[in-house]
Amino acid sequence: MNRTGTEEIEFFSSGPDDTRRTGASLAEFLKPDDVVALYGDLGSGKTVLAQGVCRGLGVTRPVTSPTYTLIQEYGGFLAGKGASDPPAEIKIYHFDFYRISSMREIEDLDPAGHFEAGGICLIEWADRGEMFLPESRLSVRLLRAGADPDRRRIILTVPVSRNIRLRS
Ligand SMILES: Nc1ncnc2c1ncn2[C@@H]1O[C@H](COP(=O)(O)OP(=O)(O)OP(=O)(O)O)[C@@H](O)[C@H]1O
Ligand SMILES: [Mg+2]
């Protein structure tokens, strides 16, 4: 994860709403062809963070883990300071590699095609398909922190050049 030209942004979440806010804040910096890799144990909050990103991108449909399809597609709008008026539509491709049992299964999802389709890709259990991920990805690690069951440590690893500054 220590790729050159990246910086780490760390903060603590005190509950699901906090994590969603973080996701929505990150969404303001996202642009077409961004790949956001989500790492963390079962129940660490990857889907919750993805919900926040989707909310930030104006997705109105409920966002859940893509259980059967392995990819869920949502329609949203580019947010943030650089957004056009009216905001440009963008597709969000939400992957979940948890149930993947072979690399072939990931290949069949055509990750490269999705990563360059002009949308934004969110990938849960990204470590299970690390070799398919582009170097330019944005990574988010979620870790339980301390005795409080609602507390999470969230670490983003992002290209320095993106100048990402999240609202806390
Ligand atoms: N600070 C927090 N941030 C995110 N989720 C939290 C937090 N505190 C408690 N939770 C709870 O933890 C759970 C996180 O679930 P979520 O589905 O997002 O995990 P996940 O990492 O996607 O798991 P899976 O690996 O099964 O896909 C939810 O029930 C949520 O309410
Ligand atoms: Mg999940």
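Predicted model: local features only at pLDDT ≥ 70, side-chain atom pairs only at ≥ 80, totals over all residues.
Trainee: What makes the chain as compact as a globular protein of its length?

Mentor: Begin with the layout, in which the chain has 4 helices and 7 strands that follow the pattern β-α-β-α-β-β-α-α-β-β-β along the sequence. The radius of gyration is 15 Å, close to the 15 Å that the globule rule gives for 168 residues, so the chain counts as being as compact as a globular protein of that length. The C-alpha atoms fill a box of roughly 40 × 40 × 35 Å along the principal axes, and buried residues make up 37% of the 168 residues.

Trainee: Why is Met 131 called exposed?

Mentor: Met 131 is found in the loop between strand 5 and strand 6. A residue is exposed if 12 or fewer other C-beta atoms lie within 10 Å of its own, and Met 131 has 8 such neighbours, so it counts as exposed. From C-alpha to C-alpha, Met 131 is 9.3 Å from Met 103, although the two are 28 residues apart in sequence.

Trainee: What makes one face of strand 3 the covered one, and which residues are on each face?

Mentor: The covered face of strand 3 is made of Gln 72, Tyr 74 and Gly 76, whereas the uncovered face holds Ile 71, Glu 73, Gly 75 and Phe 77. Strand 3 also pairs with strand 4 in the antiparallel sense over 7 bridges, and in this pairing Gln 72 stands opposite His 94.

Trainee: Which residues have the most contacts inside the largest nonpolar core?

Mentor: That core has 36 residues, and those with the most contacts inside it are Val 36, Leu 38, Val 53, Ile 92, Cys 121, Leu 122 and Ile 123. Among the elements that each supply at least two residues of this core are helix 1, helix 2, strand 2 and strand 5. Ile 123 touches Val 35, Val 36, Ala 37, Leu 38, Phe 95 and Phe 97, not counting residues up to four places away in sequence. In soluble globular proteins, nonpolar side chains tend to be buried together.

Trainee: How do you know which parts of the chain surround ligand 1?

Mentor: There are 18 residues around ligand 1, the closest being Thr 19, Gly 45, Lys 46, Thr 47 and Val 48. Helix 1 and helix 2 each supply at least two residues of this shell, and by class the shell has 4 nonpolar, 9 polar and 5 charged residues.

Methods
Residues numbered from 1 in each chain as written. Chains lettered and ligands numbered in written order. Near = placed C-beta within 6 Å. Nonpolar A, V, L, I, M, F, W, Y, C, P; charged D, E, K, R; others polar. Core = buried A, V, L, I, M, F, W, Y, C linked by C-beta atoms within 7 Å. Buried ≥ 20, exposed ≤ 12 C-beta atoms within 10 Å, placed from the backbone. Contact = placed C-beta atoms within 7 Å. Rg over C-alpha atoms; globule rule 2.2 N^0.38 Å. Pairing = 2+ DSSP bridges.
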